[in-house]
Amino acid sequence: MEMVLHKIEEILVESGRYSSERELIEDALRALIREKPELRVDVATELYKRGEVSLARASEIGGLNIEDFKELLKSRGIKIPVPDITADELDQETKKILEG
């Protein structure tokens, strides 16, 4: 099977259907994600876990709203870090937002 896949790849690039192996792989991954949307959630979760994307971006990648994504993280045992902020800093930030 590996030989057949390599031949398919070779033919698609040589025929000009794809300009490079990289372009072919990217297109194949997009098709895979469309076919199996649950993989989007897995990728988003892993990107968030690694600290490569924010919570908001991860939820967007996963196709979920932030609250649902938080619940998903919780169900998978992934903690969401809460920044240390004093009450005074919180008051100042709130004031800035309200004056905004």
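This passage describes how helices H4 and H5 pack against each other and how selected residues in and around them are placed.

The structure is a predicted model, in which local features need pLDDT of at least 70, side-chain atom pairs count only at pLDDT 80 or more, and totals for chains, interfaces and linings use all residues. Residues are numbered from 1 along each chain as its sequence is written, and side-chain values use heavy atoms, with hydrogens and water left out.

Helices are DSSP runs (H or I, at least four residues), numbered from the N terminus. Two packed helices are described by the angle between their axes and the distance between the axes. For helix H4 (residues 55-62) and helix H5 (residues 66-75), the axes come within 9 Å and cross at roughly 95°, where axes are lines fitted to C-alpha atoms over the stretch in contact and angles run from 0 to 180 degrees between N-to-C directions. H4 and H5 are therefore roughly perpendicular to each other, a term that covers angles of 65 to 115 degrees. The contact (heavy atoms within 4.5 Å) is made by Leu 55, Ala 56, Ala 58 and Ser 59 on the side of H4 and by Ile 66, Phe 69, Lys 70 and Leu 73 on the side of H5. By class, the contact of H4 with H5 comprises 6 nonpolar, 1 polar and 1 charged residues, with Ala, Val, Leu, Ile, Met, Phe, Trp, Tyr, Cys and Pro counted as nonpolar, Asp, Glu, Lys and Arg as charged, and the others, Gly among them, as polar.

Within H4, the residues Leu 55, Ala 58, Ser 59 and Gly 62 are buried, where buried means under 20% relative accessible area, exposed over 50%, and partly exposed in between (1.4 Å probe, protein chains only). These residues cover an arc of only 100° around the axis, which puts them on the same side of H4; the arc is that of the directions from the helix axis to the C-beta atoms. The buried residues of H4 pack against helix H3 (38-49) and H5. H4 is followed by Gly 63, whose phi is positive, near 75°.

Ser 59 counts as buried, at 4% relative accessibility, and, leaving aside its neighbours within four places in sequence, is in contact with Leu 64, Asn 65, Ile 66 and Phe 69.

With neighbours within four places in sequence left aside, Lys 70 is in contact with Leu 55 and Ile 80.

Thr 45, which is placed in helix H3, is buried, with a relative accessible area of 4%. Beyond its neighbours within four places in sequence, Thr 45 is in contact with Phe 69, Leu 72, Leu 73, Arg 76 and Ile 78. The side chains of Thr 45 and Arg 76 are joined by a polar contact of 3.4 Å, that is, a pair of N or O atoms within 3.5 Å, of which one must be able to donate a hydrogen and the other to accept it.

Lys 79, in the loop between H5 and helix H6 (87-99), counts as exposed at 73% relative accessibility.

Methods: Helix = DSSP H or I, 4+ residues; strand = E, 2+ residues; numbered from the N terminus. Parallel < 35°, antiparallel > 145°, perpendicular 65-115°, else oblique.
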